[in-house]
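Me: I'm new to reading protein structures. Could you walk me through a few features, one at a time?

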Amino acid sequence: MPERVILAAAAVLLAVNVRAADSLFLRADANADGQRNLTDAVTTLHFLFAGKADAVPCQDAADADDNGAVDVSDAVYSLNHLFRGGPQPPEPFGECGADPAGDGLGCASFGACPQRDTGVREAWVSRYGGVQKGDGLTQGGLALDDAGGVYVAGSSYSPESGYDYVTRKLDPDARQLWEARYNGPGNGRDESLAIASDGAGGIYVSGVSFGGGQLLEDIATVKYDASGTEVWVARFTGAGLASSELFRAGLAVDAAGSVYLAASSSAAWVVKYSRDGEELWVTSDGVPREVRDLVADRAGNCWVTGNSDDIPYGYRTVKYDPESRMLWAQTYRSDGWDQSQVQAIGLDAAGNVCVTGRSFQRVEPTGAGFATVKYGPAGEELWVARHDPGNQAGNTGTAIGFDVAGNVYVTGHIAPLATEPDHYTTFQYGPDGKERWLARYSGGEGFGDFAYALGVDGSGSVIVTGASAPPGGIHAKEDYATVKYAPDGRELWVARYDGPGGGLDRPYAIALDEAGAVYVLGSSQNEEGAFDYALIKYIPVKG
């Protein structure tokens, strides 16, 4: 029976509203032309006394004295400032911004200021499932290229070859351009775990693959070109993995097209391949016992993070140069308990890395908390930022990102006391490690909100996705819940997706393109109770 591809397209504006304070404007610019002059006072008077209700498109802007009302005093205030040296109108005055007071006057439009997102529209949903229940349960991956291509990797069952890697390329309108399968030489289980793009159309997929012989599995990396043609396959046979041994794999590509792979089982390795698939080097020197992730810079340096193999367990982060030399290694441990478990690593433009995860402490408040650590290019610890709510052991940071200013964003999961709902918790830290804001999201009074991935756009807004139980707290009926926050931490919109099966829907990857579109990939239950891969594209609505 051939595999099915289900493609659903929708153009439904989600029920997401924006507060008046989210609109951008200039104070005392009543006619919204980008200038402050006599016509603004005249416009305000026409609005008040000549019945010209449409003369003022943004009442927040006409409220020159920021008293929460548009009245004669605003015209007087503007004229006093312009011609008699009176006080400057309150912010936002020098540049476009939102109303700090949030007084609810409203701002229908303000053409002189570029507006940020006021909502989101679900552009389409692409679902892919196979003939075997559970195809969508294995975690695959999501990547974009510079030409608008969208790549999805996962594993899919075939009666002839069992589970294989399956990689799909879609265009921005969800049309499938190609599909490629990889079946290892052992004709057994092949499960993709990571995907990376070189930006120029090359796509790399890595995971575990049965090679035959002694019933052990290798780590196989496959390169495809922009048309879906298999360019090369590199199999690392030194792993000797039993079927359940691989903890996690990290994959990255540098500017020269070299490929870096980190993985662990009973031992751990970092492998570097050339752009042609030649194995350049393998090292286990200093590699953490349980690899969690890997990043690489354009010059070919790479950083690996994972959990240390000595007790008390800690975050272990190691940097290697392009020739495999270990440049530095750092381990972070909490003060007293026997484990800190790292989950994610991120690299900023200055060559600093941050790691985040779960860390226990004995001092009050005891329990598990978020711990985020920043290291400089030479391995110096720059700061540690902790959030210790002092409750359950389930609290953990899960994903990390940076904006162009060097601010650090961390998201994860807080499990409060049994009488309170779980929630996503997202932080912004400044480059100096000081917490700038904290935002929480919970799907309702229910229990089961777990943030898994985040992305940061060019404006410094952060988009977080995860699984969220609907009101009532039924974990088996979790939905995708994707939340966007402004650079100052205000919630801009929430988009939820409940798959056709009305059951368990759990995202694990997010990607953002330069046009502001958000792609979310995960596992979603269908009408038959089986699991598909579900990829959603959201596009912003500007206001």
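Predicted model: local features only at pLDDT ≥ 70, side-chain atom pairs only at ≥ 80, totals over all residues.

Me: Which residue does E478 form a salt bridge with?

Reply: Start with the general idea: side chains of opposite charge can pair when their charged atoms come close. Here the partner of E478 is R506, and the closest N and O atoms are 2.8 Å apart. This pair links distant parts of the chain, since R506 sits in strand β31 and E478 in the loop between β28 and β29, 28 residues apart. R506 is partly exposed, at 32% relative accessible area.

Me: How many salt bridges does the count come to?

Reply: The count comes to 15 salt bridges. One of them joins the side chains of D145 and K169, at 4.0 Å from N to O. D145 lies in the loop between β3 and β4 while K169 is in strand β5, so the pair ties together parts that are 24 residues apart in sequence. Both D145 and K169 are buried.

Me: What about R189: which residue does R189 form a salt bridge with?

Reply: That would be E191, with the closest N and O atoms 2.6 Å apart. R189 is partly exposed at 28%, whereas E191 counts as buried at 17% relative accessibility. Salt bridges can share partners too: R27, D66 and D99 are joined into one network that way.

Me: On to cysteines. How many disulfides are there?

Reply: The count comes to two disulfides. In one, C58 is joined to C107, with an S to S distance of 2.1 Å. The link of C58 and C107 is left-handed, with -115° about the S-S bond. These two cysteines are 49 residues apart, so to speak in distant parts of the chain.

Me: And which cysteines form a disulfide with sulfur atoms 2.0 Å apart?

Reply: Those are C96 and C113, and their link is left-handed as well, with -85° about the S-S bond. C96 counts as partly exposed at 29% relative accessibility, but C113 is buried at 4%. If you number the bonded cysteines in sequence order, the pairing reads 1-3, 2-4.

Me: Last one, strands. In which sense do β25 and β26 pair, parallel or antiparallel?

Reply: A handy general idea first: in a regular strand the side chains alternate between the two faces of the sheet. In this model, β25 and β26 pair in the antiparallel sense over six bridges. T425 stands opposite R440 in β26. The two strands form a hairpin with five residues between them, and G433 in the turn has a positive phi of about 90°.

Key: Residues numbered from 1 in each chain as written. Heavy atoms only, no water. Pairing = 2+ DSSP bridges. Helix = DSSP H or I, 4+ residues; strand = E, 2+ residues; numbered from the N terminus. Buried < 20%, exposed > 50% of the residue type's maximum accessible area, 1.4 Å probe, protein only. Disulfide = S-S within 2.5 Å.
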